[in-house]
Amino acid sequence: MGEEKPGILQGTLDLMVLKTLETMGPLHGYGIARRIEQISEDALQLNQGTVYPSLTRLLQKKWISAEWGTSENNRKAKFYSITKAGRKQLEQEARSWERISGVIGRVLKTEASGE
Amino acid sequence: MLGWLRIVASRIWGLLSPKHTDEDFTQELESHLEMLAQENLRRGMAPEEARRVARVRLGGLTQINERHREMRTLPLLETVVQDVRYRLRALRKSPGFTSVAVLTLALGIGANTAIFTLVHAVLLKPLPVAHPEQLYNLGDDQNCCSLGGSQDSFTLFSYPLYKEIRDHTPEFSEIAAFRSHVPKLSGRRSSSDAYGEPFRTQFVSGNYFSMLGVGAFAGRTLTPTDDEPGAPTLAVMSYRTWQVRFSGEPSVLGRQMILGREPVTVVGIAAPRFFGERLDGDPAELWIPLNSEPRLMPIGSHLNETDDYWLYAIGRLRRGVSALQAQSHLKSEIQHWIAARPNRSGYKPEELEEMVLTLTPASGGIQSLQVDYAAPLRFLTVVSAFVLLIACANIANLLLARGTASRGEIAVRVALGASRARLVQQVVTESVLLALAGGAAGVSLAFLGTRVILLLAFRGSEYVPIEASPSMPVLLFTFMLSLATGVIFGIAPAWAGSLAQPAETLRGAGRSTTDHSRVPQKALLVLQAALSLILLVGAGLATEGLRNLEKQRFGFLTAGRLVVQVGSDFGGYAPERLPSLYQELQERLAAIPGVQSASLSRYSPMEGSNWGDPISIAGHPAPPGKVFSSSLDSVSAHYFETIGTRLVHGRYIDARDTPTSPHVAVISEAFARKYFPNEESLGQHFGIGDASHSGDYEIVGIVEDAKYIAAREAAHATAFLPLLQARENNSNIFHDIQLLVAGSPQNLEPMIRRTLANVDSNLTVLRVIRFDEQVAENFNSERLVARLTTLYGLLALVLACVGLYGVAAYTVTRRTSEIGIRMALGAPRRDILAMVLRVAMAPVALGLLVGLPLALAGNRAIASELYGVKSYDAFVLGTAVLVLIASSIVAALIPARRAARVDPMAALRYE
């Protein structure tokens, strides 16, 4: 299953997709991938295909929904939007992420100063 | 948890709509690719380059697609669906194999389903009442119908005792009582009917229906006020009786019927599924309050007799109360009540002290039928499981043979990288598919089988409240059984298949004379032979037990005899009228064309009723602490001649014996042996009851011993009194007519009916039955076991022989070239024949070696259950072995002869 690029955990990508959809509103797969790349200032060079397993997973958990629509340049594309359950999940995840990253940050700092 | 469920649900959905969603996803990726390419174009790339870079940025299309499919559906399930489709196609392509397999499985599964239908209905299914699990039987109902005296295990109540415990046992929300057995009363549908007809009538306490939680289909049920002294006589009718005997006429409600001589108003029809408080053939048709019993059964009414114990009681335990707690309270109540009676109801003080009362769960009602059938049904369950095992072995063998035939194909697939797990999965899929098809066919076979079983088990009953059509639990059982069956018989072939060595197989396909996959095949044949032998021995023993019962010396003759059970309501008759009535009846019956001899009696042999009482013998006082007792019957002139009981000494009871003549009696040889071992018994006197009666009857004859009640025991000591002289226990009222007839006895019924009605309109024919049939109905459970075991044993034998034939035939086909070579080198045909027979019979011989000790052990184990069967029955064992060997030889001979006819030249060109 380890098809994601090293460094991006499965759950992390899900979280980023959710956040993207929350801020940007309905978006197609390409748009989501682009947005994540832009936000990370292209530090994350995704195989853009990897957003699809993430989208499938989120769909199955009913955290996002999908609908066919027309893109900016008149192309048929599938648009994803965050659901109510998705927002709740995002809020939770974001909170626990902050906590964990805070903890990890502190741990790393202590180790550094201990040396 | 919920999230996980959602994923599974959406994956199953994905599985069900594969095409659509796959296209959907391809289109989505396509559009993604397009947008990436557009972006690249905008950055100034050449169109060709823009698309190439876009594909790189997106990643491998195939992988994404594959991964998406994997996530979207359940991969295992998907391969299963594939396998099912593939296997179904394969099975359709070999209809011969498929139909043999499905038929075999249908027989095996059907045999089990039929037995389980009965097991479920008789042993597992609760009564159709509200919350049956709260019901408890106050006692263990092993003791039917005894009236007076102490009970080993308390279970029968008198009416006053019932009222006492009903009102003072708060552990139960309600306690209802009813007669321990359901009598047939003669009734008329309305007062204008000329003839009476029998109605099975149960007397119940007023709270019977409310205690059970059973409602009325129409009208109302009974209430406690209906069961007060002086209340008008009301009845609730069973739904079935209303439908079948009254064609569902609405006017039955509120109608006045006549039962005996008493008008009875039908106030309700009970709920359709309700058949009373016990499962049995011919259940109650009318329910009538206990307080009407004296009016409907004036002769020997029990209601107001404080020491007549004639009622069963069932109570509904309150929530939160333990049965043990209720039991101990109830027991002390009963002990106190009996102790306060002047005569202690016949209990000695220490007997009362040691009295046993066991509350038993009554969710299935009164267990009289279950007591008779629990052991036979358990036995038959084992027998039918054996049949299924043999069927499984057959299919496993067929699959093994097929597996060997397709070894080349399998080897190629293994060589190309198919995983062994997947191959096993495919074989098991096929076997489960076959088993499910067999199960479906088995259900319809079971329906027929159950009907036959019900006929056997309830011979003599007009109606049995058991559905032969499979119910939900039965279908579920069959489904699970089929699944398990499929897995069981799939294991051996799957195992053998997974052993395939592709390199070896591909090198010399089909040329070897020995290989490993033949070991499980032979083992299965050994198993089949052993199981068949055990079943055949079981069938032989059960049949012998039944034959011993039926063909024993009963002490009477049944051929050409009829018994007519009569409902006689002489409630208002003076005893003086009986002599002329009986005489006229006997004369008119004897005058019916074809009737050679006619007699009347209280009871006839083996009809299930008995009268026993303490006796005293003149000049022979009983030793202290002992009581003399005897079985008793009252009979008219010509009785012994009619039923064919021989006279040993003295004379029969005859026309001389009138109410006014000296009172006499005829005794059985057992009676003479028991009480007059060393002296002449003719001329001795005895009487019923204490010593003051010891001179009542003079013994004038001795007849041969005859069995009246227990066919497995030695004949009881019995005394016969003249019908007109006997007064004790209302024994001057006759219940049975015996007729010795020439020609076909069954056609006489209308004549008999008319004759009785002409003599007295209060005489109702309850049943006309051949004497041999009356005896045969005593052995229903033995017959069920014997017949079914025989049927299943033969089925097992046929299946085992088919299996043997299949394997032998297959061996011949596979070894045709070898046989050809042998013959070309000069082997005589006789040797070839012997060779095939030897190969085929080796597993049978091994099976006999394994099965014989098991059959011997089984013989020892069940001999005590069977009448007159020895614990080592050489005849049955030997016959079973011979039958098995003979049928195996026949099965193997067919392919063996074909082998011997092989043309060596053709065989060598083969392949």
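**Notes on the predicted model**

1. Helix α3 of chain B (residues 47-58) has 12 residues and reaches 17 Å from its first C-alpha to its last, close to the 16 Å expected at 1.5 Å a residue, where the expected span is 1.5 Å times one less than the number of residues. Helices here are DSSP runs of H or I with at least four residues, strands are runs of E with at least two, and both are numbered from the N terminus.

2. This is a predicted model, in which local features need pLDDT of at least 70 and side-chain atom pairs count only at pLDDT 80 or more, while totals for chains, interfaces and linings use all residues. Residues are numbered from 1 along each chain as its sequence is written, and chains are lettered from A and ligands numbered from 1 in the order in which they are written.

3. Within α3(B), the buried residues are B:Ala54, B:Arg57 and B:Leu58 (buried: 20 or more other C-beta atoms within 10 Å of the residue's own; exposed: 12 or fewer; C-beta atoms are placed from the backbone). Because they cover an arc of only 90 degrees around the axis, they lie on the same side of α3(B), the arc being that of the directions from the helix axis to the C-beta atoms. The face turned away from this buried side carries the exposed residues B:Glu48 and B:Val56.

4. Just after α3(B), B:Gly59 takes a positive phi of about 100 degrees.

5. In chain A, β2(A) and β3(A) pair in the antiparallel sense over 7 bridges, pairing being called when DSSP finds at least two bridges between two strands. A:Glu67 stands opposite A:Phe79 in β3(A).
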